[in-house]
Number of protein chains: 2
Amino acid sequence: MKIGYAGIGIMGRGMAANLVRAGHDVTVWNRTAARTADLAASGASVAASPAELAAACDITMICVSDTPDVEAVTLGPDGLLGGLGPGKLVVDHSTISASATTRLAEAVQAAGAEWVDAPVSGGSEGAENGTLSIMVGGDTAALDRAMPFMEAYGASITHVGPIGSGQMAKLVNQVLVVGNALAVSEALLLAEAGGLDLDATINAVKGGAAGSWMLSNRGPQIIERDWRPGFTIDLQQKDLRLVLESADELAVPLPGTSLVFQMYRALQRRGLGGDGNHALVKALEEMAGLEIGTN
Amino acid sequence: MKIGYAGIGIMGRGMAANLVRAGHDVTVWNRTAARTADLAASGASVAASPAELAAACDITMICVSDTPDVEAVTLGPDGLLGGLGPGKLVVDHSTISASATTRLAEAVQAAGAEWVDAPVSGGSEGAENGTLSIMVGGDTAALDRAMPFMEAYGASITHVGPIGSGQMAKLVNQVLVVGNALAVSEALLLAEAGGLDLDATINAVKGGAAGSWMLSNRGPQIIERDWRPGFTIDLQQKDLRLVLESADELAVPLPGTSLVFQMYRALQRRGLGGDGNHALVKALEEMAGLEIGTN
């Protein structure tokens with residue numbers, strides 16, 4: 001079985017490297033060809049175009065930035081579609097629009113091939129260490145074919161429904177991430193203003209009903225004013241834009257998520273888009289004229 | 001060492017019972033005396049008034065509903081203050097105003113006694129099973145004296161700062177609880193509208209950056225439309241009122257918490273104040289004209 005990987009960026013690099021490391025027969029393609037050099041040196045073949053990649057491989061993975069990028073790689077000149085046919089499968093690990101995913105899947109199905117949407121969470125560290133969570137939408141049979149290869153980089157792989165469902169589940173994931181980040185931001189600002197020992201406060205509450213991954217992992221980072229990104233505000237905003245577009249299409253009100261989107265917008269305006277998403281607290285600090293970790 | 005317990009309600013009952021079970025010499029008082037019968041039958045003494053309770057005991061615990069209740073028990077006719085003196089200690093397990101706590105502590109200190117604020121989280125189940133989290137504000141020496149007795153019902157006891165800090169930490173806890181509840185509500189409503197398998201979606205995301213106690217414990221309950229309270233909306237609103245008053249005094253903006261307060265207000269108006277706090281999702285469902293668990 002020949003496996004293709006399109007998009008050797010911050011996420012794709014680690015995922016493709018894990019495929020090679022697991023002993024699979026891997027071919028890669030990247031828009032900027034130089035970025036494939038490391039993988040070629042460790043045994044991967046390199047394709048000259050997405051069409052060539054899809055023609056050479058049974059299953060082709062994609063991981064690029066946004067909806068237009070997946071559309072260009074799939075439907076553009078020399079796109080995957082040129083090399084697809086019956087029996088072939090595309091697995092999209094990008095986080096993109098669920099409705100665009102349906103259209104992409106239809107184009108690929110028209111060529112006799114199949115599509116699975118499989119966005120990931122866990123960041124570049126998860127891609128490198130093979131500990132990603134993968135949310136999969138598509139046919140069970142298609143998922144079963146891709147499974148042994150996704151296991152090279154995914155620790156938790158969950159089938160959540162038909163095509164587009166993986167993208168929808170990723171949006172649900174992002175609503176939780178930013179909602180929890182807002183709660184942590186408000187809580188720590190109140191704790192600071194109230195003169196509490198912030199480390200002791202986190203330790204006192206994190207084991208109970210107030211607990212979250214965000215509090216345990218980013219709370220201490222906020223106290224240290226360490227804004228290094230696990231996931232940047234700019235990327236978070238790209239995903240929140242998909243969330244709010246999707247919620248609007250589905251006529252679902254998301255008042256908290258919408259509030260966070262506006263707060264991140266203010267931070268981007270201040271040039272802080274490269275900070276980690278836990279820097280959300282800076283928007284509240286600015287309003288309050290108060291900085292955490294200063295008392 | 002003689003231990004007093006004032007307030008044999010839904011929380012105090014379990015805490016006092018654990019003190020008796022641990023072999024301590026316990027005296028209890030309750031406004032409605034009949035509610036002390038079980039504890040008396042299991043070996044506790046019963047005092048006729050808070051003043052008599054405080055006079056008879058070295059350390060007196062309180063757990064009542066709200067700020068005016070603690071003020072009445074402490075400063076009212078036949079209140080604790082009438083029986084307090086040098087060497088005695090009051091431990092307040094109620095969740096009340098941090099600024100009122102400072103005034104209560106001053107009144108008690110004027111009589112030569114000491115005050116520790118020690119609100120709890122973990123619900124009636126935690127009180128019964130002795131697994132409460134206790135957030136303590138006050139002198140280290142006073143905390144040390146109370147510690148062996150609080151260990152009868154507290155699994156995690158954290159000193160967070162001077163008098164009033166325990167109350168402030170509890171407010172911080174509640175900001176996190178309701179913020180996480182809002183995130184879970186928006187996420188599950190989006191998942192429902194997007195046609196996802198909700199159980200599979202929770203399982204796909206709960207182990208990562210989206211994870212929280214609220215998602216893992218109340219998410220499945222929301223899917224089942226099981227609104228039985230771990231903590232009621234009415235009690236949550238009482239605590240959020242304290243949060244927003246305190247935040248206003250401290251000039252801290254809490255836009256997300258404030259939004260949740262308004263949503264709970266709408267649910268109280270619909271007569272849903274006795275539902276669990278995870279019924280927050282009903283406010284969004286009403287806006288969206290969509291019910292979770294129906295597709």
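**Close-up views of a predicted two-chain model**

**Figure 1. Helix H9 of chain A is largely enclosed by the rest of the structure, because six of its eight residues (198-205) are buried.** The model shown here and in the other views is predicted. The buried residues of H9(A) are Leu198(A), Ala200(A), Thr201(A), Ile202(A), Ala204(A) and Val205(A). Their cover comes from both chains: it includes helix H8 (165-193) and helix H10 (213-223) of chain A, as well as strand S8 (132-137), strand S9 (154-161) and helix H8 (165-193) of chain B. At the start of H9(A), the backbone nitrogen of Asp199(A) has a side-chain oxygen of Asp197(A) within 3.1 Å.

**Figure 2. Ser94(A) sits in the loop between strand S5 (89-92) and helix H5 (98-110) of chain A.** Ser94(A) is buried, with a relative accessible area of 1%. Its side chain makes a polar contact with the side chain of Asp92(A), at 2.7 Å. A polar atom of the Ser94(A) side chain also lies 3.0 Å from the backbone nitrogen of Val64(A). Beyond residues up to four places away in sequence, Ser94(A) touches Ile62(A), Cys63(A), Val64(A), Val70(A), Pro119(A) and Gln167(A).

**Figure 3. Leu176(A) is among the residues with the most contacts inside the largest nonpolar core.** This core has 103 residues, and Leu190(A), Tyr264(A), Leu176(B), Leu190(B) and Tyr264(B) share that standing with Leu176(A). In soluble globular proteins, nonpolar side chains tend to be buried together. Apart from neighbours within four places in sequence, Leu176(A) is in contact with Ala183(B), Val184(B), Ala187(B), Val205(B), Ala210(B) and Leu215(B).

**Figure 4. Chain A and chain B bury about 4500 Å² between them, 74% of it on carbon and sulfur atoms.** Leu176(A), Glu186(A) and Leu190(A) supply 14% of the area that chain A buries against chain B, more than any other three residues. The contact takes 55 residues from each of chain A and chain B. Eight residue pairs are in polar contact across the interface of chain A and chain B, while the count of salt bridges between these chains is zero. H8(A) gives the most to the side of chain A that touches chain B, with 20 residues.

How values were computed
Residues are numbered from 1 along each chain as its sequence is written. Chains are lettered from A and ligands numbered from 1 in the order in which they are written. This is a predicted model: local features need pLDDT of at least 70, side-chain atom pairs count only at pLDDT 80 or more; totals for chains, interfaces and linings use all residues. Side-chain values use heavy atoms; hydrogens and water are left out. Helices (H or I, at least four residues) and strands (E, at least two) are DSSP runs, numbered from the N terminus. Buried means under 20% relative accessible area, exposed over 50%, partly exposed in between (1.4 Å probe, protein chains only). A polar contact is a pair of N or O atoms within 3.5 Å; within protein, one must be able to donate a hydrogen and the other to accept it, and residues adjacent in sequence count only if both atoms are side-chain atoms. Contact means heavy atoms within 4.5 Å. A nonpolar core is a set of buried Ala, Val, Leu, Ile, Met, Phe, Trp, Tyr and Cys residues joined through side-chain atoms within 4.5 Å. Buried area is the accessible area (1.4 Å probe) that two parts lose on being put together, summed over both. A salt bridge is a side-chain nitrogen of Lys or Arg within 4 Å of a carboxyl oxygen of Asp or Glu.
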